[in-house]
Amino acid sequence: MTTEAFAARTKGLSRSDEIVAVENALRAYYAVDAAQFAARLAVTNSLLTKIDTYLAGSTTHQAAVNDLRIDVVLARNAYTGAVAAAGRAAGAEVAAIGDLVEAHDKAAQMGMRDEDDNDAARIKTAITAEGNQLVGRMTGAQKDEAVRADVLALSVIASEPGTHVTTRIILEQLVNRADITIFDVFTPGTTLTPPPAARKYTLKNALFPPMGKQERLGAFVHELTHVDAGEAYGNTALLLLCSPGLLGNGPKLKELAACRVAAIADLRALLTADKQLTAAQRSLFASKLQYVQEQATVGVYAERYYSFGKIDAATRDRLVGVDALIANSGVLVEFDTVINQLLVYLQMWKISTTTPLHARVLAIAEQQQQQRWQG
């Protein structure tokens, strides 16, 4: 909450010394640069003391001060993590990056409470910059360990009492794929690991996405679904989301693609009608549906993978031929991946499984899971 917004919400003919003290402490907080972690933590603690003093002794402006307190506690927790990371000894890089990831998550929660909160954005930017510098000093094994921590996070979601059985089964399946996967820190993406590596796949994920943990775990599930599809279908280095036997069957491919395009259209309509998601959640959900629709064709991917030496000329020619059969072949590259990603978003956002949007995502996710592993 900005100083101006706080002053507007607590204005009156006569303002107590205590409310003025809170406002002055808030001004002092903003006077310190967001990247000065230790100094920001100190002024945050001072501000929190002023807030608690006010709440203990006054009955006016309670709503405004309590709203401010929620943001300040999140900011304090973010800066506590950032300061802890800075104090880690050499050799404790994995623990330090964990501190920063958690700190970034707290700042992301601030931003989700108020999408116009520029302070949350500044804190996230500062923590991300610090985190990226730390990642640059980490070994491959340390990066693997840092990303692998989210395997446990998915296991926790799967085990929660309120998690739908379909979501639980899918997450448990994806968690099992961690043993055959090398993890790395970068823009999300999954590829086959060049031999003779012991782990078949290499999965990259970002640690500091704008919406924090929810967005990070969603992307993680997306990429693990590529791994799962690779094991289920074994369909070239592109990890295509269909049986290899379908590639030469034009009618069947057209039918499969049409079903997937129709499912995305259903979800788009349900998203438009939905009343449960926040504006930020709606935007993220919509962006993933758009991602499927704008996905490059199989032929474009084939040319790219051929140029990287990941497939031979015969495989490239066979895959380029898919584009001659269906125009929207991108849904053979990305579909199950995005559906599972949306499933995790809805679960983490605590959207009831009885809402039309969540129910439809569950149904599609279950169908795709069955197709991958039951034929």
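Is F183 buried or exposed, and what is its relative accessible area? F183 is buried, with a relative accessible area of 1%; buried means under 20%, exposed over 50% and partly exposed in between, with a 1.4 Å probe and protein chains only. Before going on, a word on the model: it is a predicted one, where local features need pLDDT of at least 70 and side-chain atom pairs count only at pLDDT 80 or more, while totals for chains, interfaces and linings use all residues. Residues are numbered from 1 along each chain as its sequence is written, and side-chain values use heavy atoms, with hydrogens and water left out.

Let's turn to the aromatic pairs. The structure holds four of them, counting rings of Phe, Tyr and Trp (its six-membered ring) whose centres lie within 6.5 Å; planes under 30 degrees apart are stacked, over 60 edge-to-face, and the rest tilted. Helices here are DSSP runs of H or I with at least four residues, strands are runs of E with at least two, and both are numbered from the N terminus. Both F37 and Y79 are buried.

F183 comes back with F220 in another tilted pair, at 5.5 Å centre to centre and 50° between the planes. This pair also links distant parts of the chain: F183 belongs to strand β1 (residues 181-185) and F220 to helix α9, 37 residues apart. F220 counts as buried too, at 0% relative accessibility.

Now follow helix α8 (residues 165-175), whose buried residues are T166, T167, I170, L171, L174 and V175. Looking down the axis of α8, these fall within an arc of 160°, so they line one face of the helix; the arc is that of the directions from the helix axis to the C-beta atoms. They pack against α7 (140-159), α9 (213-233), α14 (336-348) and α15 (356-374).

Over in helix α15 you'll find H358, buried at a relative accessible area of 0%. Leaving aside residues up to four places away in sequence, H358 touches L343, L346, Q347, I351, S352 and T353, where contact means heavy atoms within 4.5 Å.

R304 lies over the face of Y301, at 5.0 Å from the ring centre, and the charged end of R316 sits over the ring of Y306, 4.2 Å from its centre. For this, NZ of Lys or CZ of Arg must be within 6 Å of the ring centre and within 35 degrees of the ring normal.
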